[in-house]
Amino acid sequence: MGTLSQDRLNRALIERQMLRERAGKSALAAIEHLVGIQAQEPKSPYVGLWTRIHDFQPRELEDLLTHREAVRILLMRGTIHLVSARDALGLRPHTQLRLDRELRSGPFAARLRGLDLDEVAEAGREILDDTPQGTADAGRRLRERWPDREHTVLGNALRNKLALVQLPPRGLWHRSGRAVCTTLENWLGRPQQAMDKRELVLRYLKAFGPATVMDAQQWSGLTKLSATFEELRPELVTFRTEGDKELFDLPDAPRPDADTPLPVRLLPEFDNVLLAHADRRRVIADDRLGVVIGGKPTVLVDGYVAATWAVTKERTITVDHIDELPPSRKKAVAEECDRLQDWIRG
């Protein structure tokens, strides 16, 4: 059905991520539309929602966490995400294969060799469901049974083998705390039930498309999604990238013109906009990926990363420009920074 330029892919992504115009959605509806928000930094989801939702206030997300309607949990790409309770139960089973591979080949693999990890996980489940605590603390308890192993290694095994929720006050805006965990099933009182992979792919395309199979795999951390895309092919439309790769999309999803004007937007650390594609040039140049890896919040100007920003101890916003911008765009960046600064101080 034709070729989509990089600028059209950019506009489609910005539109679907609620970054062209702030949406009149609830925080829960936005989180589910986005299929979760990257949340290694506890407060970054608040900025991610502020930049996407009209009149978002931190208390709304705090209430979702304290009322168990949203949770902080290890998910896509083996990283902490903030997702709805429903999505946590449906998405977490899909991540287990990757997390198991990490235990076999990651930095702790040699020190875990010879352990029955399922046995370790069940012992850890009993500890964490009885008394929520940090994984390192649970690891110290496990050393009573496996005294020849380091508590940090045992705790890391629990991190990967169990679906662990980081409990409030971790992740709250007005206060915070260290990562104290219990199992997802214990916190929500419901079992995990894997989401259909077709639903997972369709929701990814709705929030991040048009996309290649490799894009979806990069976002999710899953492999072998080609079969799912082929199964869905009759329901989808296809395009080509300028590099002649096949793109899949939902038939009625927005694909704005390449010259659609876009406002300045501020993104928090590790925003999924910057991480959800194998080819990230639709929003950030290859030679700028270091700012994402380094965990710097970024500024989108005309849809692309053009600067980074930071909050000082005095809660003022500073900007480090990567591109030389015309005065009108510099002014727009400054005005958006002022809006965020007022919101943070409020």
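Which residues in H5 meet Asn156, Ala157, Arg159, Asn160 and Lys161 in H9? They are Arg92, Gln96, Leu99, Asp100, Glu102 and Leu103, where contact means heavy atoms within 4.5 Å.

This is a predicted model, in which local features need pLDDT of at least 70 and side-chain atom pairs count only at pLDDT 80 or more, while totals for chains, interfaces and linings use all residues. Residues are numbered from 1 along each chain as its sequence is written, and side-chain values use heavy atoms, with hydrogens and water left out.

Helices (H or I, at least four residues) and strands (E, at least two) are DSSP runs, numbered from the N terminus.

**Helix pairs**

The table gives the packing of two helix pairs. Axes are lines fitted to C-alpha atoms, for helices over the stretch in contact, and angles run from 0 to 180 degrees between N-to-C directions.

| Pair | Angle | Axes apart |
|---|---|---|
| H5 (residues 85-105) and H9 (residues 151-161) | about 150 degrees | 8 Å |
| H11 and H12 (residues 213-220) | about 95 degrees | 11 Å |

Leu200, Tyr204 and Phe208 of H11 make the contact with Asp215, Ala216 and Trp219 of H12.

**The five-stranded sheet**

Five strands form an open sheet in the order E1-E3-E2-E4-E5, and their pairing is antiparallel. At its edges are strand E1 (37-38) and strand E5 (181-183), each of which pairs on one side only. Two strands pair if DSSP finds at least two bridges between them. Strand E4 (residues 164-166) is joined to E5 by three bridges, and the two run antiparallel. Glutamine 166 has cysteine 181 in E5 as its bridge partner. Helix H7 (residues 117-130) packs on the sheet and touches E4 and E5, its direction making about 115 degrees with that of E5. Helix H4 (residues 58-66) lies across strand E2 (70-74) and strand E3 (80-84), at about 70 degrees to E2.

Cysteine 181 is buried, with a relative accessible area of 6%; buried means under 20% relative accessible area, exposed over 50%, and partly exposed in between (1.4 Å probe, protein chains only). The whole structure has zero disulfides, a disulfide being a pair of cysteine sulfur atoms within 2.5 Å.

**Helix H15**

Another buried cysteine, cysteine 337, has a relative accessible area of 5% and lies in H15. The buried residues of H15 also include Arg329, Trp343 and Ile344. These buried residues pack against helix H3 (44-50), H4, and strands E8 (265-267), E9 (298-301), E10 (304-311) and E11 (317-321). H15 (residues 327-345) has 19 residues and should span 27 Å at 1.5 Å a residue, which agrees with the 27 Å between its end C-alpha atoms. The expected span is 1.5 Å times one less than the number of residues.

Helix H1 (residues 6-16) has buried residues Leu9, Asn10, Arg11, Ala12, Leu13, Ile14 and Arg16. Among the elements that cover them are helix H2 (27-33), helix H11 (197-208) and strand E7 (246-249). Methionine 18, which follows H1, has a positive phi near 60 degrees.

Strand E6 (residues 237-240) is joined to E7 by four bridges, and the strands run antiparallel. Arginine 240 is opposite glutamate 246 in E7. The hairpin of E6 and E7 has five residues between the strands, and aspartate 244 has a positive phi near 70 degrees there.
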